[in-house]
Amino acid sequence: MPLERPPFDTIALVLQGGGALGAYQAGVMEGLAAAGIEPDWVAGISIGAINAALIAGNAPEHRIDRLREFWQTVSQPAVWPDALSFLDAFVEPADGWRRQVWNSWSAWRAITEGQRGFFTPRPPSAFVGSQPPDAASFYDTAPLKATLERLVDFDRINAGEMRLTVSAVDLETGNFEVFDNQHGRWRKRLRAEHILASGALPPGFPAVAIEDPGPLEPSRASGAPRRVHYYWDGGLVSNTPLSQVLDDHPRRDTLAFQVDLWSARGKLPTNVIDAQERVKDIQYSSRTRAITNMQAAEQRQRRMLRELLELIPPEERARHPAARAAAQQATARCVSVIQLIYQDKEWDGLSKDYEFGAVTMRSHWASGLSDINRTLEHPHWLARPEGDDPFATHDIHRR
């Protein structure tokens, strides 16, 4: 049954990067859509940027169908997609070592064949001699560009009905670049290349070349060529765009669904393979719970600053430069962050971010749907924070 819109100015969906694990985010979105909760803003990095574009680039009634079409497409190998697919029905209910073997097979096929509508291996001749940045990779992502242009309406994105923010890293400067359809220099200019750039994780995927944006209404005399920049995956700098959402101006009452694909918490590894997997978890989790705690502390300080300013007479606040500067930092807003973090299954392993098999994809999607449905069983989590604390966090896996 659809729920009433939660009482916040902004409802944000924050999507972390994580490759094949991104089907979990699609399941979360299906649960939100079924509950009638439509985000005003979707921010993503890497595979989160792809899911974000599929959401923002389609009408509400088509979003889940487009997400499903994307994930059903990319969960097929690029070569002989039907080979052994008849075994899916036998493997799907299995667990333990049987699923581990099947997942390893699917991961091997992803490495050697690529994934349909996503990436294909480059021929060995491509590694002879020097290559331009947009060709220096093991795989070609031209199929992904075609898939995005088929499934995403970029005119709709640039119209700005829903805010979309994706991020990448400039190869030359190492700076974090934010592509936003409503604000900044990329406003109304997002294309498939910006989504590709956010997910261009080297050395697997190539850098993406994007020209500097010109003026929205270029003059006839403006014919000078614009500089081309090359971008890599935003997860190299930060795999979680939560800070971008909570640091936005003006500061508004915000409900953020933070959907993460890597858990900073995990078991002690007992072998080298497990140790490598644990490194990935720690590296790409980006310490999202620590970031949330930092944002909570900052928000409480801003609330306290506002309360202190209210003790100063208005004419003194207007006259004193320090008081005017403090007023810019103070806020009375409230924030609620609902965390949904993918939990590893016993058959997950080192290849979990590039194991795109259809069986695994459906499992990840079902996990996301289950977690958001369990989350929505606590309707008070969708309410504004009560009492004096302006920042609340909720997570079914910490209860």
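Q: In which loop does Gly234 lie?
A: A quick note first: this is a predicted model, where local features need pLDDT of at least 70, side-chain atom pairs count only at pLDDT 80 or more, and totals for chains, interfaces and linings use all residues. Residues are numbered from 1 along each chain as its sequence is written, and side-chain values use heavy atoms, with hydrogens and water left out. Helices (H or I, at least four residues) and strands (E, at least two) are DSSP runs numbered from the N terminus. Gly234 sits in the loop between β8 (228-233) and α9 (242-246).

Q: Is Gly234 buried or exposed?
A: Buried means under 20% relative accessible area, exposed over 50%, partly exposed in between (1.4 Å probe, protein chains only). Gly234 comes in at 0% relative accessibility, so it counts as buried.

Q: How are α2 and α3 oriented to each other?
A: Helix α2 (residues 47-56) and helix α3 (residues 63-74) pack at about 140 degrees, their axes 8 Å apart. Axes here are lines fitted to C-alpha atoms, for helices over the stretch in contact, and angles run from 0 to 180 degrees between N-to-C directions. Under 35 degrees is roughly parallel, over 145 roughly antiparallel, 65 to 115 roughly perpendicular and the rest oblique. So α2 and α3 are oblique.

Q: Which side chain of opposite charge is nearest to Arg99?
A: Arg99 belongs to helix α5 (residues 97-113). Lys and Arg count as positive, Asp and Glu as negative, with His and the chain ends not counted; a salt bridge puts a side-chain nitrogen of Lys or Arg within 4 Å of a carboxyl oxygen of Asp or Glu. Arg99 is buried without a salt bridge, and the nearest opposite charge, 6.0 Å away, is on Glu355.
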